[in-house]
Amino acid sequence: MSFNVFSLNTHLEQAIRHCGYTAPTPIQQQAIPPILERRDLLGLAQTGTGKTAAFALPLVQHLMQVPGNKIRALILAPTRELAEQINEFICKIIQNTRLRSVSVYGGVSKQAQISRVRNGVDIVVACPGRLLDLLNEKAVDLSQVETLILDEADHMFDKGFLPDIRRILRQLPKDRQTLVFSATMPAEIRHLAEDILHDPVTVQINPTRSVKSIAHLLYAVEQGQKTDLLIHLLKDVEMATTLVFTRTKYKAKNLALKLAQSGFKATSLQGNLSQSKRQQALDGFKSGAFSVLVATDIAARGIDVTGISHVVNYDMPDTAEAYIHRTGRTGRASLTGEALTFATSEDGRMIRVIELVLDEKMRQQTATAIPFARQERVEPRIEIKRPGTANSPPKAKAAPKGSSENRSRRNRPASAGVFGLSGRSK
Ligand code: AMP
């Protein structure tokens, strides 16, 4: 299928080529036609499916067809990073048109945002908190909004934004197009969707399945040995762009410091950072100045960095959805990636839940010679192979660089090698 079927205007066709997209992704195939018809839509799609272009292309087509000089589209996103990414994409596709888009979120100067809005914008991409501030100060007027888009609605709910969203909704005209995107459908989001969508088209893109281009690997390890294991793994040349998830902000910061002290180009992205530091970390990771980014779930939500080769679950996520979100950062838009999950004896239940959702078994990497690997069999699915005696674990044999031991774990059988690591020097 080609983008031609949507009969988008020549400006957008050019913009699509400029982005390097040759064929629409499944969500684009299904969502663009009804959005162009100005239907309401409920999109059940996880990150990495191409949903930004799925709503932005038909939105811009509409705005270009019917000119106006007020805020005509409002896009709400749960995090600053996601708002910034959506705005960046929109700015790219509206380049050389008369349309203007602005992002509005906290942590940066309010005045600069207010003056940009006052200078005239068609599209506002906002986080709810700062937008409410601006509404209270009467700095924005949403009375002419024709299209409302709620992105990552489930995450809005997780972050407690639903009351803010309902307050914002009161400022919008009732007669508008509304699009809601969410990876999951908690009851609260279902209720909100029922309230605000009129006769919506529902588009569902494997909401509970992970992207198939990701290999899911499982490492059994003791809690106190995770950092050593990570350092060991990061020495693999293939781990060129690695996103590591920890449970807390504090851990993310300390782990990034430890990795940096060990010689890795590592930084952290967590809620305790100022907006400028967050942006620095993200830009540095995008540009390759940092090859490892340690993040918490909330901070990493919506991160769109193409070419993330590995996602490491240093700490097990709390839900299968969080696992899908985390690992969706790799293997994006037809690239392949590996998701490495560190599991302690307490994580057996969550592994089973994740495997059920993935509808596949995670590939267990056996630990035969890593001194820090868990050496007892604790949980049936997290098994450690012991070739030597318990008291004298065999030493890892160095394999020459470029040998099969140094190649991807993806294609190795689950039992091959020592975490598939025997070729790495320590
Ligand atoms: P999203 O789900 O919107 O965050 O998009 C995920 C990634 O897919 C982004 O890096 C997009 O640039 C990329 N992408 C979106 N649509 C396409 C497409 N039709 N072909 C190739 N890549 C795409």
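A polar contact here is a pair of N or O atoms within 3.5 Å. With that in hand, welcome to a predicted model in which the ligand lies between domain 1 (3-205) and domain 2 (214-377), because both give residues to the shell around the ligand.

**The ligand and its contacts**

- An oxygen atom of the ligand sits 2.8 Å from a polar backbone atom of glycine 50.
- At lysine 51, a backbone N or O atom is 3.3 Å from an oxygen atom of the ligand.
- Glutamine 28 uses its side chain instead: an N or O atom there is 2.8 Å from a nitrogen atom of the ligand.
- The protein buries 83% of the 500 Å² that the ligand exposes when taken alone.

**The shell around the ligand**

- The ligand is surrounded by 15 residues, and Tyr21, Ala23, Gln28, Gly50 and Thr52 are the closest.

**Aromatic pairs**

- Phenylalanine 3 and phenylalanine 6 make an edge-to-face pair, with 6.0 Å centre to centre and 70 degrees between the planes.
- Phenylalanine 3 counts as buried because its relative accessibility is 6%, under the 20% cut-off.
- The rings of tyrosine 219 and phenylalanine 342 are also edge-to-face, since their planes are at 75 degrees, with centres 6.1 Å apart.
- Tyrosine 219 belongs to strand S8 (residues 214-220) and phenylalanine 342 to strand S13 (residues 337-343), so their pair ties together parts 123 residues apart in sequence.
- Both tyrosine 219 and phenylalanine 342 are buried, and together with Tyr314 they form one aromatic cluster.

Technical notes:
Residues numbered from 1 in each chain as written. Predicted model: local features only at pLDDT ≥ 70, side-chain atom pairs only at ≥ 80, totals over all residues. Heavy atoms only, no water. Near = heavy atom within 4 Å. Polar contact = N/O pair within 3.5 Å; in protein donor to acceptor, adjacent residues only side chain to side chain. Areas by Shrake-Rupley, 256 points an atom, 1.4 Å probe, with all protein chains shown as cover. Domains from an automatic or database assignment. Phe/Tyr/Trp six-rings, centres within 6.5 Å; stacked < 30°, edge-to-face > 60°. Buried < 20%, exposed > 50% of the residue type's maximum accessible area, 1.4 Å probe, protein only. Helix = DSSP H or I, 4+ residues; strand = E, 2+ residues; numbered from the N terminus.
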